[in-house]
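Dear colleague,

Please find the structure below.

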Number of protein chains: 2
Amino acid sequence: MGPVTSGDSLDGLEIRRASTSDQVADAVRTMILRGQLPPGTQLREVPLAESIGISRNTVREAVRVLARQGLVTHSMHRGAVVTRLTEHDVVDLIRARRALESQAIEAAGAATPDELRGLDEIILELERAAIDGDWDRMVDADWSFHRRLVSFLGSPRLDRFFETIQAEMRLCLSILDREDDDPDELVDEHRELRDLIAGGATDRCIARLGEHLDDAEIRLRLIARSWEEQNTQ
Amino acid sequence: MGPVTSGDSLDGLEIRRASTSDQVADAVRTMILRGQLPPGTQLREVPLAESIGISRNTVREAVRVLARQGLVTHSMHRGAVVTRLTEHDVVDLIRARRALESQAIEAAGAATPDELRGLDEIILELERAAIDGDWDRMVDADWSFHRRLVSFLGSPRLDRFFETIQAEMRLCLSILDREDDDPDELVDEHRELRDLIAGGATDRCIARLGEHLDDAEIRLRLIARSWEEQNTQ
DNA sequence: GACGTTGTGTTGTTCAACAACGCACCATCC
DNA sequence: GGATGGTGCGTTGTTGAACAACACAACGTC
(Lines give C-alpha, C1' and ligand atoms only; values in the text may rest on other atoms or scores of the structure.)
Protein backbone atom coordinates (compact mmCIF):
# COMPACT_ATOMS: atom_id res chain seq x y z
CA MET A 1 0.00 0.00 0.00
CA GLY A 2 1.16 3.48 -0.83
CA PRO A 3 1.36 6.36 1.56
CA VAL A 4 -1.80 7.98 2.77
CA THR A 5 -2.54 10.96 0.60
CA SER A 6 -5.29 13.50 0.93
CA GLY A 7 -7.47 11.70 -1.57
CA ASP A 8 -8.07 8.64 0.53
CA SER A 9 -11.34 9.92 2.03
CA LEU A 10 -9.70 10.41 5.36
CA ASP A 11 -10.15 14.14 5.12
CA GLY A 12 -13.11 14.58 7.39
CA LEU A 13 -11.86 12.06 9.90
CA GLU A 14 -11.96 13.41 13.39
CA ILE A 15 -11.07 11.23 16.31
CA ARG A 16 -12.84 12.88 19.16
CA ARG A 17 -12.52 10.84 22.27
CA ALA A 18 -15.15 12.16 24.57
CA SER A 19 -13.99 13.52 27.86
CA THR A 20 -15.58 12.04 30.95
CA SER A 21 -17.69 15.09 31.57
CA ASP A 22 -19.04 14.96 28.03
CA GLN A 23 -19.97 11.32 28.43
CA VAL A 24 -21.75 12.13 31.65
CA ALA A 25 -23.52 15.01 29.95
CA ASP A 26 -24.70 12.67 27.20
CA ALA A 27 -25.94 10.13 29.70
CA VAL A 28 -27.83 12.65 31.78
CA ARG A 29 -29.22 14.26 28.65
CA THR A 30 -30.73 11.04 27.40
CA MET A 31 -32.15 10.36 30.84
CA ILE A 32 -33.80 13.77 30.79
CA LEU A 33 -35.14 13.38 27.27
CA ARG A 34 -36.53 9.95 28.05
CA GLY A 35 -38.44 11.45 30.91
CA GLN A 36 -36.52 9.51 33.52
CA LEU A 37 -35.60 12.83 35.10
CA PRO A 38 -38.81 14.83 34.83
CA PRO A 39 -38.76 18.66 34.80
CA GLY A 40 -38.20 20.07 38.22
CA THR A 41 -35.85 17.31 39.32
CA GLN A 42 -32.90 18.64 41.24
CA LEU A 43 -29.47 17.56 40.06
CA ARG A 44 -27.36 17.53 43.19
CA GLU A 45 -23.69 17.20 42.52
CA VAL A 46 -22.57 14.87 45.28
CA PRO A 47 -25.23 12.17 44.79
CA LEU A 48 -24.72 12.28 41.04
CA ALA A 49 -20.96 11.99 41.39
CA GLU A 50 -21.22 9.09 43.81
CA SER A 51 -23.86 7.22 41.84
CA ILE A 52 -21.79 7.42 38.65
CA GLY A 53 -18.50 6.94 40.39
CA ILE A 54 -16.71 10.10 39.32
CA SER A 55 -15.52 13.29 40.91
CA ARG A 56 -17.75 16.22 41.78
CA ASN A 57 -15.81 18.60 39.55
CA THR A 58 -16.44 16.40 36.55
CA VAL A 59 -20.14 16.35 37.32
CA ARG A 60 -20.10 20.12 37.56
CA GLU A 61 -18.69 20.42 34.06
CA ALA A 62 -21.26 18.00 32.71
CA VAL A 63 -24.14 19.87 34.31
CA ARG A 64 -22.85 23.16 32.93
CA VAL A 65 -22.90 21.67 29.46
CA LEU A 66 -26.56 20.77 29.86
CA ALA A 67 -27.28 24.20 31.30
CA ARG A 68 -25.90 25.84 28.20
CA GLN A 69 -28.20 23.67 26.10
CA GLY A 70 -31.18 24.80 28.12
CA LEU A 71 -32.01 21.35 29.43
CA VAL A 72 -31.24 22.26 33.02
CA THR A 73 -31.62 25.60 34.73
CA HIS A 74 -28.84 26.87 36.89
CA SER A 75 -29.05 29.43 39.67
CA MET A 76 -26.32 30.53 41.99
CA HIS A 77 -25.93 28.46 45.13
CA ARG A 78 -29.23 26.83 44.38
CA GLY A 79 -27.93 24.23 42.01
CA ALA A 80 -29.30 22.80 38.79
CA VAL A 81 -32.85 21.71 38.07
CA VAL A 82 -34.23 19.97 35.01
CA THR A 83 -35.81 22.84 33.11
CA ARG A 84 -39.51 23.32 33.49
CA LEU A 85 -40.55 25.28 30.42
CA THR A 86 -42.81 28.27 30.87
CA GLU A 87 -45.49 29.30 28.43
CA HIS A 88 -43.11 32.03 27.27
CA ASP A 89 -40.51 29.41 26.51
CA VAL A 90 -42.96 27.40 24.43
CA VAL A 91 -43.94 30.46 22.41
CA ASP A 92 -40.27 31.24 21.93
CA LEU A 93 -39.41 27.75 20.76
CA ILE A 94 -42.30 27.60 18.31
CA ARG A 95 -41.35 30.98 16.88
CA ALA A 96 -37.81 29.82 16.37
CA ARG A 97 -39.04 26.69 14.63
CA ARG A 98 -41.37 28.72 12.46
CA ALA A 99 -38.60 31.04 11.36
CA LEU A 100 -36.09 28.30 10.62
CA GLU A 101 -38.41 25.82 8.95
CA SER A 102 -40.16 28.41 6.81
CA GLN A 103 -36.84 29.54 5.46
CA ALA A 104 -35.80 25.92 5.08
CA ILE A 105 -38.80 25.14 2.91
CA GLU A 106 -37.88 27.97 0.57
CA ALA A 107 -34.37 26.59 0.37
CA ALA A 108 -35.72 23.10 -0.24
CA GLY A 109 -37.76 24.44 -3.14
CA ALA A 110 -34.50 24.88 -5.04
CA ALA A 111 -33.25 21.41 -4.17
CA THR A 112 -32.83 18.64 -6.72
CA PRO A 113 -35.11 15.58 -6.61
CA ASP A 114 -32.08 13.62 -5.53
CA GLU A 115 -31.59 15.79 -2.49
CA LEU A 116 -35.25 15.41 -1.61
CA ARG A 117 -34.86 11.65 -1.42
CA GLY A 118 -33.65 11.98 2.14
CA LEU A 119 -37.12 13.14 3.09
CA ASP A 120 -38.68 10.13 1.39
CA GLU A 121 -36.64 7.71 3.43
CA ILE A 122 -37.70 9.39 6.63
CA ILE A 123 -41.34 9.26 5.58
CA LEU A 124 -40.93 5.57 4.84
CA GLU A 125 -39.57 5.02 8.33
CA LEU A 126 -42.49 7.04 9.67
CA GLU A 127 -44.93 4.79 7.85
CA ARG A 128 -43.26 1.64 9.08
CA ALA A 129 -43.37 2.91 12.65
CA ALA A 130 -47.03 3.80 12.24
CA ILE A 131 -47.81 0.28 11.03
CA ASP A 132 -45.95 -1.17 13.97
CA GLY A 133 -47.77 1.19 16.29
CA ASP A 134 -44.38 2.20 17.68
CA TRP A 135 -45.04 5.73 18.86
CA ASP A 136 -41.47 6.40 19.99
CA ARG A 137 -40.09 5.63 16.56
CA MET A 138 -42.78 7.78 15.00
CA VAL A 139 -41.79 10.74 17.12
CA ASP A 140 -38.16 10.15 16.21
CA ALA A 141 -38.98 10.08 12.53
CA ASP A 142 -41.09 13.21 12.93
CA TRP A 143 -38.14 15.07 14.34
CA SER A 144 -35.76 13.65 11.79
CA PHE A 145 -38.03 15.01 9.08
CA HIS A 146 -37.91 18.54 10.39
CA ARG A 147 -34.20 18.30 11.06
CA ARG A 148 -33.67 17.18 7.49
CA LEU A 149 -35.75 20.13 6.39
CA VAL A 150 -33.56 22.60 8.24
CA SER A 151 -30.47 20.98 6.81
CA PHE A 152 -31.49 22.31 3.39
CA LEU A 153 -30.29 25.67 4.64
CA GLY A 154 -26.80 24.20 4.46
CA SER A 155 -25.54 25.56 7.74
CA PRO A 156 -24.22 23.15 10.36
CA ARG A 157 -24.58 25.86 12.96
CA LEU A 158 -28.26 26.24 12.22
CA ASP A 159 -28.55 22.46 12.36
CA ARG A 160 -27.01 22.35 15.80
CA PHE A 161 -29.17 25.18 17.02
CA PHE A 162 -32.26 23.43 15.74
CA GLU A 163 -31.27 20.29 17.57
CA THR A 164 -31.06 22.13 20.87
CA ILE A 165 -34.51 23.55 20.18
CA GLN A 166 -35.88 20.10 19.53
CA ALA A 167 -34.28 18.83 22.70
CA GLU A 168 -35.95 21.59 24.69
CA MET A 169 -39.32 20.75 23.20
CA ARG A 170 -38.88 17.15 24.21
CA LEU A 171 -38.89 18.42 27.77
CA CYS A 172 -42.61 18.90 27.33
CA LEU A 173 -43.36 15.93 25.17
CA SER A 174 -41.77 13.27 27.33
CA ILE A 175 -44.92 13.37 29.42
CA LEU A 176 -47.85 13.81 27.08
CA ASP A 177 -46.68 11.63 24.25
CA ARG A 178 -48.85 8.67 23.32
CA GLU A 179 -51.98 10.65 23.91
CA ASP A 180 -54.96 11.02 21.68
CA ASP A 181 -53.18 11.45 18.37
CA ASP A 182 -53.95 9.70 15.16
CA PRO A 183 -50.84 8.02 13.72
CA ASP A 184 -52.10 8.11 10.14
CA GLU A 185 -52.73 11.82 10.35
CA LEU A 186 -49.11 12.41 11.26
CA VAL A 187 -47.94 10.40 8.27
CA ASP A 188 -50.29 12.19 5.90
CA GLU A 189 -49.24 15.60 7.14
CA HIS A 190 -45.59 14.96 6.45
CA ARG A 191 -46.26 13.36 3.11
CA GLU A 192 -48.22 16.45 2.16
CA LEU A 193 -45.34 18.71 3.12
CA ARG A 194 -42.97 16.60 1.06
CA ASP A 195 -45.26 16.72 -1.98
CA LEU A 196 -45.75 20.44 -1.74
CA ILE A 197 -42.00 20.97 -1.68
CA ALA A 198 -41.42 18.64 -4.60
CA GLY A 199 -44.21 20.38 -6.50
CA GLY A 200 -42.67 23.79 -6.01
CA ALA A 201 -45.60 25.06 -3.96
CA THR A 202 -43.38 26.56 -1.29
CA ASP A 203 -45.86 29.20 -0.14
CA ARG A 204 -48.56 26.63 0.27
CA CYS A 205 -46.14 24.37 2.10
CA ILE A 206 -45.14 27.11 4.50
CA ALA A 207 -48.77 27.80 5.25
CA ARG A 208 -49.37 24.14 5.90
CA LEU A 209 -46.40 23.98 8.21
CA GLY A 210 -47.76 27.02 9.98
CA GLU A 211 -50.96 25.18 10.82
CA HIS A 212 -48.88 22.21 11.97
CA LEU A 213 -47.01 24.49 14.36
CA ASP A 214 -50.13 26.32 15.51
CA ASP A 215 -51.47 22.98 16.57
CA ALA A 216 -48.31 22.04 18.40
CA GLU A 217 -48.19 25.44 20.08
CA ILE A 218 -51.67 25.05 21.55
CA ARG A 219 -50.91 21.70 23.06
CA LEU A 220 -47.51 22.62 24.43
CA ARG A 221 -48.83 25.83 25.94
CA LEU A 222 -51.41 23.85 27.82
CA ILE A 223 -48.72 21.65 29.30
CA ALA A 224 -46.53 24.59 30.26
CA ARG A 225 -49.48 26.47 31.75
CA SER A 226 -50.46 23.51 33.88
CA TRP A 227 -46.92 23.38 35.22
CA GLU A 228 -46.90 27.04 36.09
CA GLU A 229 -50.20 26.83 37.96
CA GLN A 230 -48.89 23.81 39.77
CA ASN A 231 -45.82 25.78 40.71
CA THR A 232 -47.65 28.88 41.86
CA GLN A 233 -49.72 26.95 44.31
CA MET B 1 -44.63 52.62 52.31
CA GLY B 2 -46.89 49.71 51.72
CA PRO B 3 -45.81 46.17 51.04
CA VAL B 4 -44.39 45.24 47.68
CA THR B 5 -47.10 43.84 45.45
CA SER B 6 -46.83 42.31 42.03
CA GLY B 7 -47.83 45.55 40.31
CA ASP B 8 -44.69 47.40 41.26
CA SER B 9 -42.84 46.57 38.04
CA LEU B 10 -40.55 44.23 39.88
CA ASP B 11 -41.85 41.24 37.97
CA GLY B 12 -39.02 40.80 35.52
CA LEU B 13 -36.37 41.53 38.10
CA GLU B 14 -33.63 38.98 38.06
CA ILE B 15 -30.67 39.29 40.33
CA ARG B 16 -28.00 37.40 38.52
CA ARG B 17 -24.78 37.57 40.38
CA ALA B 18 -22.18 36.28 37.99
CA SER B 19 -20.05 33.43 39.14
CA THR B 20 -16.32 33.92 38.97
CA SER B 21 -15.95 31.68 35.96
CA ASP B 22 -18.60 33.64 34.10
CA GLN B 23 -16.84 36.89 34.84
CA VAL B 24 -13.59 35.42 33.59
CA ALA B 25 -15.37 34.17 30.48
CA ASP B 26 -16.70 37.66 29.83
CA ALA B 27 -13.29 39.20 30.29
CA VAL B 28 -11.54 36.75 27.98
CA ARG B 29 -14.33 37.07 25.45
CA THR B 30 -13.96 40.81 25.18
CA MET B 31 -10.21 40.40 24.88
CA ILE B 32 -10.74 37.99 22.01
CA LEU B 33 -13.30 40.17 20.27
CA ARG B 34 -11.08 43.23 20.59
CA GLY B 35 -8.35 41.33 18.83
CA GLN B 36 -6.06 41.34 21.85
CA LEU B 37 -6.00 37.56 21.64
CA PRO B 38 -5.76 36.93 17.90
CA PRO B 39 -6.99 33.64 16.37
CA GLY B 40 -4.55 30.84 17.00
CA THR B 41 -3.53 32.06 20.43
CA GLN B 42 -3.24 29.23 22.91
CA LEU B 43 -5.13 29.64 26.17
CA ARG B 44 -3.06 27.73 28.70
CA GLU B 45 -4.79 27.19 31.97
CA VAL B 46 -2.01 27.71 34.47
CA PRO B 47 -0.72 31.03 33.11
CA LEU B 48 -4.26 32.33 32.75
CA ALA B 49 -5.14 31.30 36.29
CA GLU B 50 -2.01 32.87 37.73
CA SER B 51 -2.30 36.09 35.77
CA ILE B 52 -5.88 36.62 36.90
CA GLY B 53 -5.31 35.29 40.37
CA ILE B 54 -7.85 32.49 40.43
CA SER B 55 -7.82 28.72 40.49
CA ARG B 56 -7.19 26.51 37.50
CA ASN B 57 -10.57 24.84 37.82
CA THR B 58 -12.36 28.16 37.51
CA VAL B 59 -10.37 28.98 34.42
CA ARG B 60 -11.33 25.63 32.96
CA GLU B 61 -15.02 26.37 33.38
CA ALA B 62 -14.59 29.78 31.81
CA VAL B 63 -12.76 28.39 28.81
CA ARG B 64 -15.44 25.73 28.33
CA VAL B 65 -18.05 28.46 28.20
CA LEU B 66 -16.16 30.17 25.40
CA ALA B 67 -15.66 26.85 23.63
CA ARG B 68 -19.39 26.29 23.58
CA GLN B 69 -19.83 29.71 22.00
CA GLY B 70 -17.37 28.84 19.28
CA LEU B 71 -14.86 31.50 20.23
CA VAL B 72 -12.22 29.00 21.25
CA THR B 73 -11.58 25.53 19.89
CA HIS B 74 -10.98 22.71 22.29
CA SER B 75 -9.23 19.44 21.62
CA MET B 76 -8.42 16.72 24.09
CA HIS B 77 -5.13 17.14 25.92
CA ARG B 78 -4.19 19.84 23.47
CA GLY B 79 -5.95 22.65 25.21
CA ALA B 80 -7.91 25.59 23.92
CA VAL B 81 -7.02 27.88 21.06
CA VAL B 82 -8.72 31.05 19.93
CA THR B 83 -10.76 29.84 16.97
CA ARG B 84 -9.35 30.43 13.53
CA LEU B 85 -12.31 30.34 11.19
CA THR B 86 -12.06 28.30 8.03
CA GLU B 87 -13.65 29.25 4.74
CA HIS B 88 -16.31 26.65 5.49
CA ASP B 89 -17.08 28.41 8.74
CA VAL B 90 -17.48 31.73 6.99
CA VAL B 91 -19.89 30.25 4.46
CA ASP B 92 -21.80 28.66 7.30
CA LEU B 93 -22.05 31.87 9.27
CA ILE B 94 -23.21 33.90 6.29
CA ARG B 95 -25.84 31.30 5.45
CA ALA B 96 -27.15 31.42 8.99
CA ARG B 97 -27.31 35.20 8.85
CA ARG B 98 -29.07 35.06 5.51
CA ALA B 99 -31.71 32.69 6.80
CA LEU B 100 -32.38 34.57 10.00
CA GLU B 101 -32.31 38.08 8.66
CA SER B 102 -34.42 37.30 5.61
CA GLN B 103 -37.09 35.87 7.84
CA ALA B 104 -36.67 38.80 10.18
CA ILE B 105 -37.34 41.29 7.40
CA GLU B 106 -40.59 39.56 6.61
CA ALA B 107 -41.54 39.74 10.26
CA ALA B 108 -40.56 43.40 10.38
CA GLY B 109 -42.87 44.08 7.46
CA ALA B 110 -45.78 43.48 9.82
CA ALA B 111 -44.38 45.70 12.54
CA THR B 112 -45.93 48.99 13.56
CA PRO B 113 -44.11 52.27 12.82
CA ASP B 114 -43.58 52.58 16.53
CA GLU B 115 -41.71 49.32 16.65
CA LEU B 116 -39.58 50.39 13.73
CA ARG B 117 -38.38 53.41 15.66
CA GLY B 118 -35.70 51.30 17.29
CA LEU B 119 -34.04 50.98 13.91
CA ASP B 120 -34.10 54.73 13.43
CA GLU B 121 -32.25 55.35 16.65
CA ILE B 122 -29.55 52.91 15.62
CA ILE B 123 -29.22 54.57 12.23
CA LEU B 124 -28.87 57.92 13.97
CA GLU B 125 -26.06 56.52 16.08
CA LEU B 126 -24.50 55.15 12.92
CA GLU B 127 -24.61 58.59 11.31
CA ARG B 128 -23.10 60.25 14.34
CA ALA B 129 -20.29 57.72 14.41
CA ALA B 130 -19.71 58.28 10.69
CA ILE B 131 -19.42 62.02 11.21
CA ASP B 132 -16.97 61.47 14.04
CA GLY B 133 -15.04 59.04 11.89
CA ASP B 134 -15.24 56.57 14.76
CA TRP B 135 -15.08 53.26 12.97
CA ASP B 136 -15.47 51.13 16.08
CA ARG B 137 -18.75 52.79 16.96
CA MET B 138 -19.89 52.41 13.37
CA VAL B 139 -19.26 48.69 13.45
CA ASP B 140 -21.10 48.44 16.76
CA ALA B 141 -24.09 50.27 15.32
CA ASP B 142 -23.99 48.09 12.24
CA TRP B 143 -24.29 44.99 14.36
CA SER B 144 -26.93 46.53 16.59
CA PHE B 145 -28.98 47.18 13.49
CA HIS B 146 -28.95 43.60 12.38
CA ARG B 147 -29.54 42.37 15.91
CA ARG B 148 -32.56 44.65 16.15
CA LEU B 149 -33.73 43.22 12.86
CA VAL B 150 -33.59 39.65 14.15
CA SER B 151 -35.40 40.70 17.30
CA PHE B 152 -38.51 41.27 15.18
CA LEU B 153 -38.83 37.50 15.10
CA GLY B 154 -39.74 37.77 18.76
CA SER B 155 -37.65 34.85 19.96
CA PRO B 156 -35.02 35.44 22.66
CA ARG B 157 -33.44 32.14 21.72
CA LEU B 158 -32.96 33.25 18.15
CA ASP B 159 -31.57 36.53 19.46
CA ARG B 160 -28.99 34.73 21.57
CA PHE B 161 -28.05 32.46 18.69
CA PHE B 162 -27.63 35.45 16.43
CA GLU B 163 -25.35 37.08 18.98
CA THR B 164 -23.05 34.08 19.03
CA ILE B 165 -22.93 34.20 15.26
CA GLN B 166 -22.00 37.84 15.33
CA ALA B 167 -19.32 37.13 17.89
CA GLU B 168 -17.83 34.45 15.67
CA MET B 169 -17.77 36.81 12.73
CA ARG B 170 -15.91 39.36 14.79
CA LEU B 171 -13.13 36.79 14.97
CA CYS B 172 -12.41 37.70 11.37
CA LEU B 173 -13.17 41.38 11.48
CA SER B 174 -10.96 42.29 14.40
CA ILE B 175 -8.08 42.29 11.97
CA LEU B 176 -9.30 43.79 8.73
CA ASP B 177 -11.56 46.46 10.10
CA ARG B 178 -10.74 50.05 9.21
CA GLU B 179 -9.76 49.09 5.72
CA ASP B 180 -10.85 50.59 2.47
CA ASP B 181 -14.52 51.06 3.25
CA ASP B 182 -16.59 54.13 2.65
CA PRO B 183 -18.39 55.21 5.85
CA ASP B 184 -21.18 56.99 3.99
CA GLU B 185 -21.93 53.91 1.94
CA LEU B 186 -22.53 51.92 5.11
CA VAL B 187 -24.96 54.52 6.39
CA ASP B 188 -26.81 54.69 3.10
CA GLU B 189 -27.12 50.93 2.89
CA HIS B 190 -28.77 50.64 6.26
CA ARG B 191 -31.02 53.60 5.68
CA GLU B 192 -32.15 51.96 2.47
CA LEU B 193 -32.97 48.74 4.29
CA ARG B 194 -34.95 50.66 6.87
CA ASP B 195 -36.91 52.52 4.20
CA LEU B 196 -37.69 49.37 2.27
CA ILE B 197 -39.07 47.74 5.40
CA ALA B 198 -41.12 50.76 6.31
CA GLY B 199 -42.42 50.93 2.75
CA GLY B 200 -43.53 47.33 2.82
CA ALA B 201 -41.12 46.28 0.08
CA THR B 202 -39.97 43.22 1.94
CA ASP B 203 -38.92 41.25 -1.14
CA ARG B 204 -36.84 44.11 -2.41
CA CYS B 205 -35.35 44.54 1.04
CA ILE B 206 -34.40 40.89 1.28
CA ALA B 207 -32.72 41.10 -2.11
CA ARG B 208 -30.80 44.16 -0.99
CA LEU B 209 -29.71 42.41 2.17
CA GLY B 210 -28.60 39.49 0.05
CA GLU B 211 -26.21 41.71 -1.87
CA HIS B 212 -24.99 43.14 1.41
CA LEU B 213 -24.20 39.63 2.60
CA ASP B 214 -22.69 38.54 -0.70
CA ASP B 215 -20.27 41.37 -0.32
CA ALA B 216 -19.41 40.46 3.25
CA GLU B 217 -19.00 36.83 2.28
CA ILE B 218 -16.41 37.62 -0.36
CA ARG B 219 -14.28 39.64 1.98
CA LEU B 220 -14.50 37.25 4.89
CA ARG B 221 -13.69 34.27 2.71
CA LEU B 222 -10.56 35.99 1.59
CA ILE B 223 -9.46 36.44 5.17
CA ALA B 224 -10.24 32.85 6.08
CA ARG B 225 -8.51 31.53 2.98
CA SER B 226 -5.37 33.49 3.74
CA TRP B 227 -5.31 31.96 7.20
CA GLU B 228 -5.66 28.45 5.88
CA GLU B 229 -2.85 28.88 3.40
CA GLN B 230 -0.72 30.32 6.13
CA ASN B 231 -1.53 27.32 8.26
CA THR B 232 -0.83 24.73 5.57
CA GLN B 233 2.65 26.00 5.00
C1' DG C 1 -48.12 38.34 62.32
C1' DA C 2 -43.51 40.60 61.44
C1' DC C 3 -38.82 40.22 62.31
C1' DG C 4 -34.11 38.54 63.49
C1' DT C 5 -31.31 34.23 64.45
C1' DT C 6 -29.51 29.92 64.05
C1' DG C 7 -28.57 25.58 61.85
C1' DT C 8 -28.30 22.59 57.94
C1' DG C 9 -27.40 21.33 53.41
C1' DT C 10 -25.88 22.74 49.05
C1' DT C 11 -23.02 24.98 45.86
C1' DG C 12 -18.75 27.99 44.65
C1' DT C 13 -13.89 28.02 44.78
C1' DT C 14 -9.33 26.70 45.92
C1' DC C 15 -5.40 23.68 46.33
C1' DA C 16 -2.42 19.76 45.60
C1' DA C 17 -1.55 15.71 43.45
C1' DC C 18 -1.45 12.15 39.94
C1' DA C 19 -2.69 9.99 35.48
C1' DA C 20 -3.11 10.43 30.57
C1' DC C 21 -1.85 12.48 26.71
C1' DG C 22 0.49 15.45 22.73
C1' DC C 23 4.67 16.80 20.97
C1' DA C 24 9.22 17.85 19.95
C1' DC C 25 13.61 15.82 20.28
C1' DC C 26 16.90 12.38 19.66
C1' DA C 27 18.72 7.78 18.61
C1' DT C 28 18.34 3.97 15.71
C1' DC C 29 18.07 1.24 11.74
C1' DC C 30 17.52 0.09 7.16
C1' DG D 1 18.47 10.39 3.75
C1' DG D 2 14.29 9.02 5.49
C1' DA D 3 11.36 6.21 8.10
C1' DT D 4 10.79 4.05 12.68
C1' DG D 5 10.67 3.95 17.56
C1' DG D 6 11.69 5.45 22.09
C1' DT D 7 12.37 9.37 25.81
C1' DG D 8 11.37 13.42 28.42
C1' DC D 9 8.78 17.56 29.10
C1' DG D 10 4.83 20.38 29.32
C1' DT D 11 -0.04 20.44 29.26
C1' DT D 12 -4.45 18.91 30.15
C1' DG D 13 -7.91 15.50 32.47
C1' DT D 14 -9.46 13.94 36.79
C1' DT D 15 -9.56 13.20 41.58
C1' DG D 16 -10.20 14.18 46.54
C1' DA D 17 -10.46 17.12 50.32
C1' DA D 18 -11.15 21.29 52.38
C1' DC D 19 -13.20 25.79 53.29
C1' DA D 20 -16.10 29.87 52.21
C1' DA D 21 -20.47 31.67 50.63
C1' DC D 22 -24.95 31.19 50.16
C1' DA D 23 -30.25 29.63 50.23
C1' DC D 24 -33.65 27.92 52.95
C1' DA D 25 -36.34 26.34 56.58
C1' DA D 26 -37.17 26.10 61.41
C1' DC D 27 -37.20 28.37 65.56
C1' DG D 28 -37.66 31.92 68.97
C1' DT D 29 -38.60 36.87 70.16
C1' DC D 30 -41.08 40.88 70.20
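At what angle do H3(A) and H3(B) pack, and how far apart are their axes? The angle is about 25 degrees and the axes are 11 Å apart; axes here are lines fitted to C-alpha atoms, for helices over the stretch in contact, and angles run from 0 to 180 degrees between N-to-C directions. H3(A) and H3(B) are therefore roughly parallel to each other, a term that covers angles under 35 degrees. Two residues count as in contact if their C-beta atoms, placed from the backbone, lie within 7 Å. By class, this contact has no nonpolar, two polar and six charged residues. Ala, Val, Leu, Ile, Met, Phe, Trp, Tyr, Cys and Pro count as nonpolar, Asp, Glu, Lys and Arg as charged, and the others, Gly among them, as polar.

Some conventions apply throughout. This is a predicted model, in which local features need pLDDT of at least 70, side-chain atom pairs count only at pLDDT 80 or more, and totals for chains, interfaces and linings use all residues. Residues are numbered from 1 along each chain as its sequence is written, while chains are lettered from A and ligands numbered from 1 in the order in which they are written. Helices (H or I, at least four residues) and strands (E, at least two) are DSSP runs, numbered from the N terminus.

Between the chains, 23 residues of chain B are in contact with 23 residues of chain A. On the chain B side, H3, helix H4 (87–109) and helix H7 (156–173) each supply at least two residues. H4(B) gives the largest share, eight residues.

A residue is near a strand if its C-beta atom, placed from the backbone, lies within 6 Å of it. Helix H1 (20–33) and helix H3 (56–68) of chain A, together with helix H2 (45–52) of chain B, each give two or more residues to this surface. Around DNA strand C there are 16 residues, of which Gly79(A), Thr20(B), Ile54(B), Ser55(B) and Thr58(B) come nearest.

Finally, in chain A, strands E2 (residues 72–75) and E3 (residues 79–82) run antiparallel and are joined by four bridges; strands pair if DSSP finds at least two bridges between them. His74(A) stands opposite Ala80(A) in E3(A).

With kind regards

Methods. Angles under 35 degrees count as roughly parallel, over 145 as roughly antiparallel, 65 to 115 as roughly perpendicular and the rest as oblique.
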